[in-house]
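This report describes selected contacts within one protein structure. Please examine the sequence and the model before reading on.

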Amino acid sequence: MTMSRDEIFQKVQEVLVDALGADDDEVTPDATLMGDLGAESIDFLDIVFRLEKAFAIKVPREELFPAESLLNNPDLVSNGKLTEQGLAELRASVPHTDLTEFEKDPDINKLANLFTVNAIVNYIDGKINAA
């Protein structure tokens, strides 16, 4: 089942509207899940479940939202920032996410801003159209 990016975005938008109680016009490609749409960490599990159902795919939570595993490793975080090794692991674990701005200042408090609607669309696109 191949889908266009626009079709994927529409379904992701529906999932996020349902999961977060957001309005359609709030769920834009650049919207961050936590900052713009008000998601909390508990919502990520619900979002993953709804994405799996909507797209009939398996979504390992750590593939889509890998931050927790990074933050708990002292080799990857130093003084509140991801180390070079941490950045390398983040790059490898989220190829669907644009890290350009984050790499300039890898403050772990800014990690949440990486979880955008567009990152989810990229992830789903790679999952269903790469097969």
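Isoleucine 108 is located in the loop that joins α6 (100–104) and α7; helices here are DSSP runs of H or I with at least four residues, numbered from the N terminus. The model is predicted: local features need pLDDT of at least 70, side-chain atom pairs count only at pLDDT 80 or more, and totals for chains, interfaces and linings use all residues. Residues are numbered from 1 along each chain as its sequence is written, and side-chain values use heavy atoms, with hydrogens and water left out.

With a relative accessible area of 25%, isoleucine 108 is partly exposed, a term for values between buried (under 20%) and exposed (over 50%), computed with a 1.4 Å probe on protein chains only. The table lists contacts, defined as heavy atoms within 4.5 Å, for two residues.

| Residue | Contacts, leaving aside neighbours within four places in sequence |
|---|---|
| Isoleucine 108 | Leu71, Val77, Gly80, Lys81 and Leu82 |
| Leucine 33 | Leu16, Gly38, Ala39, Phe44, Ile47, Phe65, Phe115, Val117 and Ile120 |

Phenylalanine 44 and phenylalanine 115 are both buried. A search of the whole structure finds one aromatic pair, meaning Phe, Tyr or Trp rings (for Trp, the six-membered ring) with centres within 6.5 Å, called stacked under 30 degrees between planes, edge-to-face over 60 and tilted otherwise. Phenylalanine 44 and phenylalanine 115 form this edge-to-face pair, at 5.9 Å centre to centre and 65 degrees between the planes. Phenylalanine 44 lies in helix α2 and phenylalanine 115 in the loop between α6 and α7, so the pair ties together parts 71 residues apart in sequence.

Notes:
Helices (H or I, at least four residues) and strands (E, at least two) are DSSP runs, numbered from the N terminus.
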